[in-house]
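My notes follow the order in which I looked.

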Amino acid sequence: MAQLRRSDRNRKLLGVCGGLGEHLGIDPTFMRIIFVAAALLGGPGIICYLLASVVMPAPNALPSGPSWQLPGR
């Protein structure tokens with residue numbers, strides 16, 4: 001399964017809903033509706049969206065791993 005990342009193709013603001021939709025295999029519009037409904041109904045929609053934008057890596061970020069490599073190994 002692909003790593004969860006923000007989207008660079010399906011983005012309206014920060015790419016969170018697009019990345020979630022691509023990762024889960026559903027329409028990103030459905031994810032946007034969930035976040036807006038959570039925000040309008042007094043839920044934590046905006047806070048969750050902003051938190052996800054900080055936690056989810058950027059679409060062009062390198063895979064995580066050691067930043068150095070021993071020569072010849």
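The entries below go from the overall fold to single residues.

**Ground rules.** I am working from a predicted model, in which local features need pLDDT of at least 70 and side-chain atom pairs count only at pLDDT 80 or more, while totals for chains, interfaces and linings use all residues. Residues are numbered from 1 along each chain as its sequence is written, and side-chain values use heavy atoms, with hydrogens and water left out.

**Overall fold.** I find 3 helices and 0 strands in the protein, taking helices as DSSP runs of H or I with at least four residues and strands as runs of E with at least two, numbered from the N terminus. Along the sequence the pattern reads α-α-α. Of the 73 residues, 25% count as buried, where buried means under 20% relative accessible area, exposed over 50% and partly exposed in between, with a 1.4 Å probe and protein chains only. Among contacts with a separation of 6 or more, 41% are accounted for by residues 24 or more positions apart, a contact being heavy atoms within 4.5 Å.

**α1 against α2.** I looked up the axes of α1 (residues 16-24) and α2 (residues 28-40), which come within 8 Å and cross at roughly 125 degrees; axes are lines fitted to C-alpha atoms, for helices over the stretch in contact, and angles run from 0 to 180 degrees between N-to-C directions. The two helices are therefore oblique to each other, since under 35 degrees counts as roughly parallel, over 145 as roughly antiparallel, 65 to 115 as roughly perpendicular and the rest as oblique. On the α1 side the contact is made by Val-16, Cys-17, Gly-18, Leu-20, Gly-21 and Leu-24, and on the α2 side by Pro-28, Met-31, Arg-32 and Phe-35. By class I note 7 nonpolar, 2 polar and 1 charged residues in this contact, with Ala, Val, Leu, Ile, Met, Phe, Trp, Tyr, Cys and Pro counted as nonpolar, Asp, Glu, Lys and Arg as charged, and the others, Gly among them, as polar.

**α2 against α3.** The axes of α2 and α3 come within 7 Å and cross at roughly 135 degrees, so this pair is oblique as well. Here Phe-35, Ala-38 and Ala-39 of α2 meet Gly-45, Ile-46, Cys-48 and Tyr-49 of α3, and the contact divides into 6 nonpolar, 1 polar and no charged residues.

**Core.** Which residues form the largest nonpolar core? I list 8 residues, namely Val-16, Cys-17, Leu-20, Met-31, Phe-35, Tyr-49, Ala-52 and Met-56, the core being a set of buried Ala, Val, Leu, Ile, Met, Phe, Trp, Tyr and Cys residues joined through side-chain atoms within 4.5 Å. Each of α1, α2 and α3 (45-55) supplies at least two residues of this core, and the largest share, 3 residues, comes from α1. Leaving out residues up to four places away in sequence, Leu-20 touches Leu-4, Met-31, Phe-35 and Met-56.

**Two single residues.** Is Gly-18 buried or exposed? Gly-18 lies in α1 and counts as buried because its relative accessibility is 1%. Apart from neighbours within four places in sequence, Gly-18 is in contact with Ser-7, Asn-10, Pro-28 and Arg-32. Val-55, in α3, counts as exposed because its relative accessibility is 62%, and its C-alpha atom is separated by 9.6 Å from that of Arg-6, 49 residues apart along the chain.
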